[in-house]
Amino acid sequence: MEWHDEGIVLGMRRHGETSAIAEVMTLAHGRHLGLVRGGRSRALRPVLQPGNRVALTWRARLSEHLGEFRVEPLSQRAGLLMQSATALHGMRAMAALLRLLPERDPHRHLCDAVEVIIAHLEDPATAGELFVRFELALLNELGFGLDLARCAANGSAVDLVYVSPKSGRAVSKEAGAPYADRMLALPDFLRADLNEAADRPGLAAGFRLTGFFLDRHVYEPRGIKPDSARESFITATLKALEKQQTA
């Protein structure tokens with residue numbers, strides 16, 4: 001068995017004296033693990049750091065086996081990611097979220113989304129907005145997508161300011177007013193009728209929104225806790241935005 005692909009390194013763990021098991025989010029083969037012989041060498045250890053883009057050849061006797069990776073670097077940016085708290089926590093948080101998906105299940109658009117987010121991790125507003133959209137896409141892939149296009153009560157596509165915590169559907173200001181204290185806020189940057197960029201309050205609301213449904217539909221049913229990197233990324237992002245606004 002053999003295939004060739006590209007992907008983003010999510011993590012690495014030791015295997016034996018000199019080898020490593022690499023975890024890579026690939027374009028066509030999903031989140032995939034493979035043994036890298038000599039992976040702990042001076043030449044390969046820097047290549048197998050989270051955030052780097054690599055070219056892969058995977059080989060195994062049978063498809064269900066772990067198999068071996070032959071890895072070649074395409075874009076080594078792990079060093080740059082380590083220089084920023086927002087970038088470092090962001091990469092760790094994305095890796096943890098991708099581990100919620102079944103191994104070897106292809107999700108090319110999520111792999112592409114990670115690539116875009118990595119390219120914008122130095123800009124907290126853009127990175128935060130992209131991250132919220134990434135979590136919405138992940139929820140959708142897991143079968144728990146939110147419907148934020150029209151009001152659940154009257155079908156309106158404008159003036160959507162709430163999200164129902166029960167149905168995960170948008171609700172207009174008028175329809176949701178009697179239940180406002182029980183609703184989740186829909187930030188303006190997620191409203192199609194406004195086309196606005198994210199600000200600090202909007203991002204905080206966006207993170208609360210996706211976090212609520214991740215807890216309800218994914219973490220709690222599986223009996224697991226969210227990776228601390230997500231909260232660290234949120235804290236670093238909102239802190240960076242606050243500094244920008246007060247500078």
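Two residues are in contact when heavy atoms of theirs lie within 4.5 Å. Keep that in mind as we walk through this predicted model.

**A look at the whole chain**

The secondary structure of the protein chain comes to seven helices and eight strands. Its C-alpha atoms fill a box of roughly 65 × 45 × 30 Å along the principal axes. How does the radius of gyration fit with a compact globule? For 247 residues such a globule would have a value near 18 Å, and the protein chain has 20 Å, which agrees.

Of the 247 residues, 48% count as buried. The protein chain exposes about 12400 Å², and carbon and sulfur atoms supply 50% of that area. As for charge, there are 31 positive and 30 negative side chains, with the centres of the two sets 6 Å apart. Now take the contacts between residues at least 6 apart in sequence: 57% of them join residues at least 24 apart.

**Strand β1 and its partners**

Strands of a sheet pair through backbone hydrogen bonds, either parallel or antiparallel. Strand β1 covers residues 2–15 and pairs with strand β4, residues 53–59, in the antiparallel sense over seven bridges. Within that pairing, Gly-7 has Val-54 of β4 as its bridge partner.

Strand β1 also pairs with strand β2, residues 19–26, and here the antiparallel pairing runs over eight bridges. Across from Met-12 you'll find Ala-22 in β2. The hairpin of β1 and β2 has three residues between the strands, and in it Gly-16 takes a positive phi near 70 degrees.

Ser-19 belongs to strand β2. Is Ser-19 buried or exposed? Ser-19 is buried, because its relative accessible area is 8% and the cut-off for buried is under 20%. Leaving out residues up to four places away in sequence, Ser-19 touches Arg-14, Leu-35, Val-36, Arg-37, Gly-38, Gly-39 and Arg-40.

**A sheet of three strands**

Further along there is an open sheet with the order β7-β6-β8 and antiparallel pairing. Its edge strands are β7 (170–172) and β8 (184–185), each of which pairs on one side only. Strand β6, residues 160–163, is joined to β7 by three bridges, and the two run antiparallel. Which residue is the bridge partner of Tyr-162 in β7? That partner is Val-171.

Val-171 sits in strand β7 and is buried, with a relative accessible area of 6%. Phe-212 is 41 residues from Val-171 along the chain, and their C-alpha atoms are separated by 17 Å.

**A residue in helix α7**

Thr-237 has its place in helix α7, residues 228–246. Thr-237 counts as buried, since its relative accessibility is 0%. Beyond its neighbours within four places in sequence, Thr-237 is in contact with Thr-86, Pro-124, Gly-128 and Leu-203.

| Residue | Relative accessible area |
|---|---|
| Ser-19 | 8% |
| Val-171 | 6% |
| Thr-237 | 0% |

Technical notes
Residues numbered from 1 in each chain as written. Predicted model: local features only at pLDDT ≥ 70, side-chain atom pairs only at ≥ 80, totals over all residues. Heavy atoms only, no water. Pairing = 2+ DSSP bridges. Helix = DSSP H or I, 4+ residues; strand = E, 2+ residues; numbered from the N terminus. Rg over C-alpha atoms; globule rule 2.2 N^0.38 Å. Buried < 20%, exposed > 50% of the residue type's maximum accessible area, 1.4 Å probe, protein only. Areas by Shrake-Rupley, 256 points an atom, 1.4 Å probe, with all protein chains shown as cover. Lys, Arg positive; Asp, Glu negative; His and termini not counted. Charge placed at Lys NZ, Arg CZ, Asp CG, Glu CD.
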